[in-house]
Amino acid sequence: MTKIYLASPFFNAHECHYYLRAIKALRSAGYEVYVPQEHEIPGGWEMPNAEWARRVFVNDVDAIHSCDVVMVLNFGMYSDSGTAWEAGYAYALKLPTVQVLCGGENATYSLMMMNGCDHIVEFKDLTHWEEKSAKLDTDGIIQK
């Protein structure tokens with residue numbers, strides 16, 4: 001079973017809507033999905049913020065190392081710095097990385113994010129990322 005680390009911002013209703021749909025679709029398709037938001041730090045609310053943040057960081061880095069693929073929900077040019085970091089780290093580790101386009105019809109995407117991945121798919125094709133990415137024309141959506 002392929003284990004996917006799902007990188008995504010989840011800071012507003014729009015992002016959460018896509019995030020929850022992605023989790024459900026991927027799990028229904030038989031993927032094992034690591035969802036950072038589902039992993040709380042025991043006693044985190046009692047810790048100083050810096051200690052809690054360090055533990056979250058270490059847990060997420062360990063999870064990236066233990067996955068087969070990093071899938072990124074990408075909402076456009078200036079989506080989320082943490083999500084961009086996760087994608088870049090996966091690239092540095094030479095882990096297969098999938099960019100899932102969630103920015104809408106007129107969105108443009110960072111040339112760094114688009115070139116730092118192995119697959120690019122529209123959200124509707126996220127469970128078929130391996131075969132659908134080769135068919136997506138990205139010429140008009142990458143920043144210039």
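Where is Asp-125 found? Asp-125 is in the loop between strand 5 (119–122) and helix 5 (129–132), where helices (H or I, at least four residues) and strands (E, at least two) are DSSP runs numbered from the N terminus.

The model is predicted, so that local features need pLDDT of at least 70 and side-chain atom pairs count only at pLDDT 80 or more, while totals for chains, interfaces and linings use all residues. Residues are numbered from 1 along each chain as its sequence is written, and side-chain values use heavy atoms, with hydrogens and water left out.

**View 1. Asp-125 and its contact with Lys-124.** Asp-125 is buried, with a relative accessible area of 11%; buried means under 20% relative accessible area, exposed over 50%, and partly exposed in between (1.4 Å probe, protein chains only). The side chain of Asp-125 makes a polar contact of 3.2 Å with the side chain of Lys-124. A polar contact is a pair of N or O atoms within 3.5 Å; within protein, one must be able to donate a hydrogen and the other to accept it, and residues adjacent in sequence count only if both atoms are side-chain atoms.

**View 2. The largest nonpolar core, with 21 residues.** Such a core is a set of buried Ala, Val, Leu, Ile, Met, Phe, Trp, Tyr and Cys residues joined through side-chain atoms within 4.5 Å. Among the residues with the most contacts inside this core are Leu-6, Leu-26, Met-71 and Trp-129. Two or more residues each come from strand 1 (3–7), helix 1 (13–28), strand 3 (69–74) and strand 4 (97–101), and helix 1 gives the largest share, five residues.

View 3. A disulfide is taken as a pair of cysteine sulfur atoms within 2.5 Å. The sulfur of Cys-102 is 12 Å from the closest cysteine sulfur, that of Cys-16, which is too far for a bond. Cys-102 is buried, with a relative accessible area of 3%, whereas Cys-16 is partly exposed, at 23%.

**View 4. His-39 in the loop between strand 2 (32–34) and helix 2.** His-39 counts as partly exposed, at 40% relative accessibility. Although His-39 and Asn-59 are 20 residues apart in sequence, the two lie 8.4 Å apart in space, C-alpha to C-alpha.

**View 5. Val-58 in helix 2 (residues 49–65).** With a relative accessibility of 32%, Val-58 counts as partly exposed.
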